[in-house]
Amino acid sequence: MSTASSVLLQFLELITALIAAPLLTGWVNQCRAWLGNRSAPPLTQFYRQLAKLFEKEVVLAGNASSLFRAAPYIIFACMVLASTIVPTLSTDLPFGPAADAIALVGIFALARVFTALAGMDIGTAFGTLGARREMLIGFLAEPALLMVFFTTSLISQSTSLSTIVETLGQREFAIYPSLAFAGVAFTMVSLAENARIPVDNPTTHLELTMIHEAMILEYSGRHLALIEWAAALKLYAYSCLGLALFFPWGIPEGTGIFNLLVALPSLAFKLAIGGFLLAAIETVSAKLRIFRAPEFLGTAFILSVLAMLVHLLLEAPK
Amino acid sequence: MKLLDQDLSFEALNGAVAAYAATADEAGLLAFCSAVKESGGRLVALWGCDERKRGQGFVLNVACGIEKGMAIVSLPLPATDPEYPDLSEIFPAANRLQRAVFDLLGIRARGGDPRPWLRHANWPADFFPLRRDCDASQRFPARNEDYAFVRVEGDGVHEIPVGPIHAGIIEPGHFRFSIVGEKVLRLEQRFGWTHKGIEKRFEQMSLADGYRLAGRVSGDSTVAYAWAYCQAAEALTSTQAPARALWLRALFLERERVANHLGDLGYLGNDAALSFGLSQFMRLKEDWQRLSGALFGHRLMMDAIVPGGVACDLSRDGGEQISSQCDAIEREVLILKNIYDEHAGLQDRFLTTGRLDPALAAELSVCGLVGRASSQAWDLRTQNPVAPYDQLETQIVTHRAGDVAARVAVRFEELIESLRLIRRIVSQLPQGERILPLAAPGADTGMGIGWVEGWRGDVLVALAADPEGNIRRCHCHDPSWLIWPALEHAIMGNIVPDFPLINKSFNLSYSGQDS
């Protein structure tokens with residue numbers, strides 16, 4: 001079924017993800033600076049950061065195992081794969097059938113496991129501390145994410161992301177209570193999974209409060225660049241996923257140049273709005289005490305269960 | 001005269017500070033310290049002097065804070081094998097002070113904690129740099145140290161070592177956490193990395209010059225230190241600084257307090273990830289310090305206070321600028337206070353975090369703003385006011401809760417009170433000279449004391465000079481000495497990620513206690 005043009009589109013989606021992900025992170029940082037009355041770094045700051053890190057040499061701890069060296073590549077590969085199976089520019093993706101929504105959760109989990117293992121590999125107190133906290137967040141966030149996917153899968157009768165997006169995109173414009181609940185749950189899970197305020201603080205230098213940063217403290221050079229890039233890709237993948245599930249308009253089903261001319265600007269527009277909203281949430285929130293995170297993610301889980309119940313009770317065809 | 005019905009004869013010391021000194025034997029010292037404790041007093045400072053060149057042995061000085069002011073008890077010690085009774089049984093806060101005294105002078109507390117405090121392995125254990133016959137220019141090879149931290153045993157208990165090098169640009173200190181899960185069972189601090197030998201350096205300086213070094217013991221309290229030093233120097237030389245100078249000194253001190261409180265309030269928001277608070281408060285602090293720089297020649301007002309008076313004057317125009325800036329900043333601070341108070345997420349982080357129980361604070365002789373947030377109502381500006389505070393009617397700010405929220409509240413309220421004081425000082429500033437020359441010290445002057453309520457707590461400077469005006473001994477005491485141990489207790493039972501917030505709410509000086 002894959003035609004040459006859909007393969008090309010798949011390739012284009014990959015390139016877009018690699019280029020746009022640092023821009024999205026840069027945009028969120030800009031918005032955060034503006035909202036906090038600070039002058040903002042340029043939009044391309046993240047590129048410069050990556051360029052700098054790729055030039056720097058890698059400093060490895062004496063007791064680093066090969067796992068520590070391999071982890072950045074695995075994590076990066078996971079995030080690249082995740083961003084290519086989320087429909088952003090088209091729903092007709094050759095990689096689409098390779099992994100469905102549940103596999104996507106698995107890909108994120110794989111990256112998480114390797115980040116945590118790498119954090120513990122060196123044996124520093126901070127790495128272990130971060131890994132422990134990351135697992136606490138992860139085991140609470142994943143069920144909620146799965147429940148969100150189950151709800152959308154029930155609506156579209158498929159776990160394939162392309163099918164879900166096609167189905168949701170074709171429905172008439174109306175507010176679906178189940179999707180509203182699922183959307184809020186998804187937003188909360190995204191904040192936790194991407195190490196954003198109020199669950200984690202990506203800009204802190206206080207080792208004792210870190211979650212994600214604590215695990216990667218020992219990385220440097222190109223390893224750190226890959227991990228930072230992977231973090232940006234993860235944010236991008238989650239953002240695109242949210243847009244694809246809850247605001248699917250503008251994602252064409254076909255391939256063609258014209259479709260692309262619609263898809264690219266609409267994606268950029270939606271990401272810009274989403275990034276601004278993320279920055280706004282981060283600006284007005286304080287970080288939760290870490291043992292409040294289970295309550296936060298528990299709420300997300302309950303909302304996602306509610307979404308499914310609402311769908312089954314109110315929206316399912318009799 | 002007698003104090004607290006004890007069998008010691010105290011003499012009021014010369015100078016502005018309400019300080020009384022007595023010489024005692026071991027029993028007298030112990031009895032007096034116990035009486036201080038029972039009367040609700042506290043330990044202020046503990047330091048030693050080497051008087052062997054003047055035909056005596058060593059002297060141990062213990063300063064206690066009582067209702068009337070400061071009572072200093074001196075215990076003469078023999079030149080060989082000097083020992084004194086362990087005071088940490090009465091004042092637990094004496095522990096580190098006694099260890100520091102031993103590291104510097106070789107005066108041992110009998111039965112006290114034998115571990116070093118300021119001395120790391122980088123100088124030998126039998127080398128006492130503050131002894132008069134010790135050549136402090138000697139160099140020793142750098143060595144790694146094996147320090148006996150207290151270990152916590154148990155199922156799942158492990159340690160997190162943090163520092164002395166941190167991820168941010170902050171002063172060096174080592175924190176050893178014993179934790180189970182996220183819960184902190186014990187915190188042990190290890191300091192001394194910024195020991196600079198300041199007290200040894202003082203011995204090569206003259207009375208008229210020392211104020212500059214005193215102002216650099218802890219940069220964020222430079223005004224408090226400089227004023228305390230000048231009080232002590234003026235007490236030794238019976239110099240009376242002119243009234244205008246005293247009012248200007250109070251103006252500098254309150255400006256220093258405001259600047260530090262503004263910065264701390266911003267950082268407290270930032271440590272709870274509310275970076276909005278940091279950028280707002282830092283903007284206010286920047287405006288504040290720029291005006292200090294423009295009017296007094298230095299953003300932190302270093303070297304603005306000099307023996308005999310002040311180094312810079314305030315014009316009518318400058319006074320108006322200060323007043324209008326106070327109004328503007330007060331308006332903004334009140335808005336920000338409202339935002340902090342109404343922010344549920346921030347209050348959730350502040351409330352009940354890092355509680356320092358008032359009873360424990362009293363036991364540990366905790367002073368300053370941390371003490372006042374735990375019901376320890378010590379504030380020299382209201383209790384033993386020197387001019388011009390005796391005319392300013394400063395309102396003391398105390399809270400009972402002792403948590404981060406209480407320390408934030410004390411900062412907000414003291415900030416507003418200081419703005420009121422500044423406006424009042426500017427409007428009532430007396431005319432006249434701003435500086436008088438420092439007289440020569442008398443034949444044998446004894447001790448000069450300076451005692452100033454800095455923004456963090458009370459700063460003490462004890463000074464002795466020879467008749468030519470050269471410093472014989474200058475001891476600078478930072479309030480952090482007495483508050484750091486309380487942090488070890490405030491963190492207990494809290495979770496690891498709350499430590500930076502609790503630490504910031506204390507915001508103690510490493511440089512001041514290491515000096």
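Mentor: Start where the chains meet: 25 residues of chain B are in contact with 22 residues of chain A. This is a predicted model, where local features need pLDDT of at least 70, side-chain atom pairs count only at pLDDT 80 or more, and totals for chains, interfaces and linings use all residues. Residues are numbered from 1 along each chain as its sequence is written, while chains are lettered from A and ligands numbered from 1 in the order in which they are written.

Trainee: What makes two residues "in contact"?

Mentor: Their C-beta atoms, placed from the backbone, lie within 7 Å. By that test, 25 residues of chain B touch 22 of chain A. Elements giving two or more residues to the chain B side include α7 (275-296) and α15 (499-506) of chain B.

Trainee: How is that side divided into nonpolar, polar and charged?

Mentor: Ala, Val, Leu, Ile, Met, Phe, Trp, Tyr, Cys and Pro count as nonpolar; Asp, Glu, Lys and Arg as charged; the others, Gly among them, as polar. The chain B side then has 14 nonpolar, 6 polar and 5 charged residues.

Trainee: Which domains does chain B have, and where do their bounds come from?

Mentor: The bounds come from an automatic or database domain assignment. For chain B it gives domain 1 (11-110) and domain 2 (198-514). Their centres, taken over C-alpha atoms, are 25 Å apart. The contact takes 24 residues from domain 1 of chain B and 25 residues from domain 2 of chain B. On the domain 1 side, β3(B) gives the most, with 6 residues.

Trainee: What makes β4 and β5 of chain B paired strands?

Mentor: A strand is a DSSP run (E, at least two residues; helices are H or I, at least four), numbered from the N terminus. Two strands pair if DSSP finds at least two bridges between them. Strand β4 (residues 58-66) of chain B has 9 bridges to β5(B), so the two meet the definition of pairing. They run antiparallel, and form a hairpin with 2 residues between them. B:Ala63 stands opposite B:Ile72.

Trainee: How many bridges join β2(B) to β5(B), and is the pairing parallel or antiparallel?

Mentor: Strand β2 (residues 19-23) of chain B is joined to β5 (residues 69-77) by 5 bridges, and the two run parallel. There, B:Ala22 stands opposite B:Val73.

Trainee: Why are β13 and β15 of chain B called edge strands?

Mentor: The open sheet has the order β13-β14-β15, with antiparallel pairing. Each of β13 (448-453) and β15 (471-477) of chain B pairs on one side only.
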